[in-house]
Amino acid sequence: MKILPQVEWKMNIPNALSLLRLLLLPVFAALYLMSGEHPALLYWSFAVLVLSGVTDSLDGIIARKFNQITDLGKILDPVADKLTQVTVILCLAIRNPAVVGLLVICLVKELCQGIGGLFLLRRGEKIQGAKWYGKVSTFVFYGVMALIVLWPGMPSPLMVALIAIVALLMLFAFFNYMRMFFHIKKEMPEKTEAPSGKE
């Protein structure tokens, strides 16, 4: 049984950048988690996170400007975003207890959106691109997480405030994506059973 409909594996620059973001995940995790013993690695982990954020912006700009939007890209881009967010928050939560709450919100959000997206794909719905609220949430996420990585001695009240902003934007994006999901689901025609061949 096919889990997903047929998606053409069409490689181009935006899709290659999404794949690069996936490859950067273990690099960031290793550098950041090892920075406790080797502080200089903290700056390298920051650089990797910034590179990931830049490629996230570039792939969308290139795809739209040069008409390189593909169904594969509509899958790779959000998958890279979700895995990046979970990986970064997990790494930060290991060293910063204040981030644990954000990790829980992120995991619930991404799990629900992943299940909802898979459901729509299996029902043959057209793959949707990222919406503005998702882009804003992602942009602020990269900025705040990069700041926390680069400034390990950040005052606790400031860190809590920044994390709260990221959490609110995540919840706002989650609410809007779920509202869109239920609207699409409501508009979908009911599946009709295939004829059994019996009179």
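The largest cavity in this predicted model is lined by Leu-24, Leu-25, Phe-28, Val-48, Leu-49, Ser-52, Thr-84 and Val-88. A cavity here is a set of points on a 1 Å grid over the protein atoms alone where a 1.4 Å probe fits but cannot get out, and a lining residue has an atom within 4 Å of a point. By this rule there is 1 cavity of 30 Å³ or more. The largest cavity holds about 40 Å³ of space; grid points are joined across faces, edges and corners, and a volume is the space filled by probe spheres set on the points.

Which helices supply the lining? α1 (13-34), α2 (41-65) and α3 each give at least two residues to the lining of the largest cavity. Helices are DSSP runs of H or I, at least four residues, numbered from the N terminus. By class the lining has 6 nonpolar, 2 polar and no charged residues. Nonpolar means Ala, Val, Leu, Ile, Met, Phe, Trp, Tyr, Cys and Pro; charged means Asp, Glu, Lys and Arg; the others, Gly among them, are polar.

A note on the numbers. Residues count from 1 along each chain as its sequence is written. Local features need pLDDT of at least 70 and side-chain atom pairs pLDDT 80 or more, while totals for chains, interfaces and linings use all residues, and side-chain values use heavy atoms, without hydrogens and water.

Now the helix pairs, starting with α2 and α3. Their axes lie 11 Å apart and the packing angle is about 160°; axes are lines fitted to C-alpha atoms, for helices over the stretch in contact, with angles from 0 to 180 degrees between N-to-C directions. That makes α2 roughly antiparallel to α3, the term for angles over 145 degrees. Leu-49, Ser-52, Asp-56 and Asp-59 of α2 meet Asp-77, Asp-81, Thr-84 and Val-88 of α3, where contact means heavy atoms within 4.5 Å. This contact of α2 with α3 has 2 nonpolar, 2 polar and 4 charged residues.

Next, α2 and helix α5 (residues 132-150) pack at about 165°, with axes 9 Å apart. α2 is therefore roughly antiparallel to α5. On the α2 side the contact includes Leu-49, Ser-52 and Asp-56, and on the α5 side Tyr-142 and Met-145 are among the residues. The contact of α2 with α5 divides into 9 nonpolar, 4 polar and 3 charged residues.

Last, helix α3 (residues 71-95) and helix α4 (residues 100-122): the axes come within 9 Å and cross at roughly 160°. α3 and α4 are therefore roughly antiparallel to each other. Among the residues in contact are Val-86, Ile-89 and Leu-90 in α3, and Leu-103, Cys-106 and Leu-107 in α4. The classes are 9 nonpolar, 2 polar and 2 charged for the contact of α3 with α4.

Terms used:
Angles under 35 degrees count as roughly parallel, over 145 as roughly antiparallel, 65 to 115 as roughly perpendicular and the rest as oblique. On a 1 Å grid over the protein atoms alone, a cavity is a set of points where a 1.4 Å probe fits but cannot get out, and a pocket is an open set with protein on both sides within 12 Å along at least five of seven lines; lining residues have an atom within 4 Å of a point.
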